Amino acid sequence: TRSTRPQRMLKAVQKNATKGNPESVISAIDYFCKNSEWAMNVGDEKGSILDSVVTEVNPSTVLELGTYCGYSTVRIARLLSPGTKLITLEFNPAYATVARQIIAYAGLQDKVTQVEGSSADLIPQIKERFSITTFDFIFLDHWKDRYLPDIKLFEECGLLRKGSVLLADNVICPGAPEYLEYVRNSPRYESRYYPAHLEYTKVEDGLEKSVFLG
Ligand SMILES: O=C(NCCCCCn1ccc2cnccc21)c1cc(-c2ccc(F)cc2)cc(O)c1O
Ligand SMILES: [Mg+2]
């Protein structure tokens, strides 16, 4: 049977990137998506903004919702301080399988804990399962209609502290209007929009960075 797009992306990484070199893995995926097949990685333009926010926060505890093929996982993990690990959640087992191989090819498997399931199920379990009190940095890149219920779940589960940073992909395209309305109008967040474009296209999109004020 025909291979899947994530499988073809993995082949492109194995062919064009250098094992243990995260930058070459990132470049190989971006090249594949620009020249062969579009895929819903955060991409290079928004990825650079992600890099700058991760570098600024220098987080000790990190959660990513939406692993997909591991592109943003590699972008984040390569910037973490030694000894820091990130938790990345993926709902689709086929995506998770490809991501595991791409993350390992980049040599970052020791900095990543992959979890399979839905955010609604996982978020209430995090404190217990991973001995985490609060997150310094959360990257939202999963179902866009889950951004709002999940940020409320983070609050209810006591997973945010004064200064926790949430960065949300696709707030314009496909869009997360209710989420935007909430973080931009809630007195409990300081929110800022980073304009960019939908990965590998000229379509308007951007990232929303929201700092929890406690
Ligand atoms: O849908 C997107 N991502 C989510 C994929 C599914 C996530 C599933 N999942 C993972 C963890 C998890 C935990 N709990 C519940 C569900 C969970 C997405 C789409 C586009 C896009 C597509 C077509 C188009 F024409 C324009 C834009 C661009 C992006 O950058 C995107 O991120
Ligand atoms: Mg996205």
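The model is a predicted one. It includes a magnesium ion (ligand 2) coordinated by Asp-141, Asp-169 and Asn-170, and Asp-141 and Asn-170 are also among the residues that come nearest to ligand 1.

**Magnesium site**

- Along the sequence, the donor residues follow the spacing D-x27-D-N.
- Asp-169 has a relative accessible area of 0% and is therefore buried, since buried means under 20%.
- Asn-170 is buried as well, because its relative accessible area is 3%.

**Ligand 1**

- There are 19 residues around ligand 1, and Ser-119, Asp-141, Lys-144, Asn-170 and Glu-199 come nearest.
- Asp-141 places a polar side-chain atom 2.8 Å from an oxygen atom of ligand 1.
- In the side chain of Lys-144, an N or O atom is 2.9 Å from an oxygen atom of ligand 1.
- For Asn-170, the distance from a polar side-chain atom to an oxygen atom of ligand 1 is 2.7 Å.

**Largest pocket**

- The volume of the largest pocket is about 430 Å³.
- Its lining has 25 residues, of which Met-40, Gly-66, Asp-141, His-142 and Trp-143 are the closest to the centre.
- Two or more lining residues come from each of β2 (86-90), α6 (119-122) and α9 (171-175).
- By class, 12 residues of this lining are nonpolar, seven are polar and six are charged.

**Largest cavity**

- One cavity of 30 Å³ or more is present in the structure.
- The largest cavity holds about 40 Å³ of space.
- Residues lining the largest cavity include Met-40, Gly-66 and Asp-141, along with Asn-41, Val-42, Thr-67 and Tyr-68.
- Cys-69, Gly-70, Tyr-71 and Ser-72 are also among the residues that line the largest cavity.
- This lining divides into five nonpolar residues, five polar residues and one charged residue.

**Backbone geometry**

- Most residues other than glycine have a negative phi, and most peptide bonds are trans.
- Asn-58 is not a glycine, yet has a positive phi of about 45 degrees.
- Asn-58 counts as partly exposed because its relative accessibility is 44%, a value in the range between under 20% (buried) and over 50% (exposed).
- Asn-170 is placed in the loop between β5 (165-168) and α9.
- The peptide bond between Cys-173 and Pro-174 is cis, with omega at about 5 degrees.
- Pro-174 belongs to helix α9.

- Thr-88 is part of strand β2.
- With a relative accessible area of 0%, Thr-88 is buried.
- The side chains of Thr-88 and Glu-64 are joined by a polar contact of 2.6 Å.
- Asp-136 is found in the loop between α7 (126-130) and β4 (137-140).
- Asp-136 counts as buried because its relative accessibility is 11%.
- From Asp-136 to Leu-207 the separation is 71 residues in sequence and 17 Å in space, C-alpha to C-alpha.

Methods
Residues numbered from 1 in each chain as written. Chains lettered and ligands numbered in written order. Predicted model: local features only at pLDDT ≥ 70, side-chain atom pairs only at ≥ 80, totals over all residues. Heavy atoms only, no water. Donors = N, O, S within 2.8 Å, 3.2 Å for Na, K, Ca; no water. Buried < 20%, exposed > 50% of the residue type's maximum accessible area, 1.4 Å probe, protein only. 1 Å grid on protein atoms, 1.4 Å probe; cavity = no way out; pocket = protein on both sides within 12 Å on 5 of 7 lines; lining within 4 Å. Points joined across faces, edges and corners; volume = space filled by probe spheres on them. Helix = DSSP H or I, 4+ residues; strand = E, 2+ residues; numbered from the N terminus. Nonpolar A, V, L, I, M, F, W, Y, C, P; charged D, E, K, R; others polar. Near = heavy atom within 4 Å. Polar contact = N/O pair within 3.5 Å; in protein donor to acceptor, adjacent residues only side chain to side chain.
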